[in-house]
Amino acid sequence: MLRYRLSDAAQVDVINILAWTHEQFGEAARLRYESLIVAALRDVATQPDRPGSIARPELGAGVRSWHLRLSRDHVGTGAEVVRRPRHFLVYRFEPALLVVGRVLHDAMELERHLDPDTSRE
C-alpha cells in the first residue's frame, strides 16, 4: 500500500463533510461516513488505478477519481453501510505516494473546485 497525503483543501473537505453529516444525521452516521472515507483512501492507496477509478487527464497527468460508493464493501466487518454516499476522491499517484487533492460531492462541477494555480502534473 502506498503512503497517502491529503492536501490542505482535501482535509478541509473531509472536516466539512463530516461536520455536515453529524449535524444532519447524527454521530452514528458521521462515524459510518468517516469509516467509508478511510476505506476509500485505503482502496486507492492499495491500487490507485483499480477498476472503477476514472482517469482525469483533463486535470493533469496521473489524476484519477474514485467514488466512495465503490468502497462500501471494504468498511470493517459489522459496520453499517452508508447507503448512498455522494462524494468522490480526486487524487494522483506518484512513486510511493498518493496525493488526494479534493474530496468532492458528486453533484459538483469538478473543475470549479480545483486550484488552477496548483500544478497537478
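## Labels and their grounds

Modeller: In the protein, 55% of the contacts with a separation of 6 or more are between residues 24 or more positions apart. This is a predicted model, and 42% of its 121 residues are buried.

Biologist: How many helices and strands are there in the protein?

Modeller: The protein has 2 helices and 5 strands. Read from the N terminus, the order is β-α-α-β-β-β-β.

Biologist: What makes Ser53 buried or exposed?

Modeller: Ser53 has a relative accessible area of 11%. The limit for buried is under 20%, therefore Ser53 is buried. Ser53 is located in the loop between α2 and β2 (54-55). Apart from neighbours within four places in sequence, Ser53 is in contact with Pro48, Arg64, Ser65, Trp66 and Tyr91. Its C-alpha atom is separated by 7.6 Å from that of His67, 14 residues apart along the chain.

Biologist: What is Ala96 called, given a relative accessible area of 47%?

Modeller: Partly exposed lies between under 20% for buried and over 50% for exposed. At 47%, Ala96 is therefore partly exposed. Ala96 sits in the loop between β4 (87-94) and β5 (97-105). Although Ala96 is not a glycine, its phi is positive, about 70 degrees.

Biologist: How do you know that the side chains of Arg102 and Asp13 meet in a salt bridge?

Modeller: The N to O distance is 2.7 Å. A salt bridge needs such a nitrogen within 4 Å of a carboxyl oxygen, so the Arg102 and Asp13 pair counts as a salt bridge. This pair links distant parts of the chain, with Arg102 in strand β5 and Asp13 in helix α1, 89 residues apart. Arg102 and Asp13 are both buried.

Biologist: What makes Arg56 and Glu58 a salt bridge, with the closest N and O atoms 3.8 Å apart?

Modeller: The cut-off is within 4 Å, so at 3.8 Å Arg56 and Glu58 form a salt bridge. Glu58 is partly exposed, because its relative accessible area is 47%.

Biologist: Why do the side chains of Arg86 and Asp106 count as a salt bridge?

Modeller: Their N to O distance is 2.6 Å, and the requirement is within 4 Å, so Arg86 and Asp106 qualify. The pair links distant parts of the chain: Arg86 is in the loop between β3 (63-67) and β4, and Asp106 is in the segment after β5, 20 residues apart. Arg86 is partly exposed at 38% relative accessible area, and Asp106 is partly exposed at 31%. The whole structure has 6 salt bridges.

Biologist: How many aromatic pairs are there, and why is the pair of Trp20 and Phe25 edge-to-face?

Modeller: The count is 1 aromatic pair. The ring centres of Trp20 and Phe25 are 5.7 Å apart and their planes are at 75 degrees. Pairing requires centres within 6.5 Å, and edge-to-face requires planes over 60 degrees apart, so Trp20 and Phe25 are an edge-to-face pair. Trp20 counts as partly exposed at 49% relative accessibility, whereas Phe25, at 59%, counts as exposed, because the limit for exposed is over 50%.

Biologist: How much space lies in the largest pocket, and which residues are the closest to its centre?

Modeller: The largest pocket holds about 530 Å³ of space. It is lined by 17 residues, and the closest to its centre are Thr21, Phe25, Tyr33, Val82 and Arg84. By type, the lining has 8 nonpolar, 4 polar and 5 charged residues.

Biologist: Which element supplies the largest share of that lining?

Modeller: α1 does, with 5 residues. α1 (8-25) and α2 (27-46) each supply at least two residues of the lining.

Terms used
Residues are numbered from 1 along each chain as its sequence is written. This is a predicted model: local features need pLDDT of at least 70, side-chain atom pairs count only at pLDDT 80 or more; totals for chains, interfaces and linings use all residues. Side-chain values use heavy atoms; hydrogens and water are left out. Helices (H or I, at least four residues) and strands (E, at least two) are DSSP runs, numbered from the N terminus. Buried means under 20% relative accessible area, exposed over 50%, partly exposed in between (1.4 Å probe, protein chains only). On a 1 Å grid over the protein atoms alone, a cavity is a set of points where a 1.4 Å probe fits but cannot get out, and a pocket is an open set with protein on both sides within 12 Å along at least five of seven lines; lining residues have an atom within 4 Å of a point. Grid points are joined across faces, edges and corners, and a volume is the space filled by probe spheres set on the points. Ala, Val, Leu, Ile, Met, Phe, Trp, Tyr, Cys and Pro count as nonpolar, Asp, Glu, Lys and Arg as charged, and the others, Gly among them, as polar. Rings of Phe, Tyr and Trp (its six-membered ring) pair if their centres lie within 6.5 Å; planes under 30 degrees apart count as stacked, over 60 as edge-to-face and the rest as tilted. Contact means heavy atoms within 4.5 Å.
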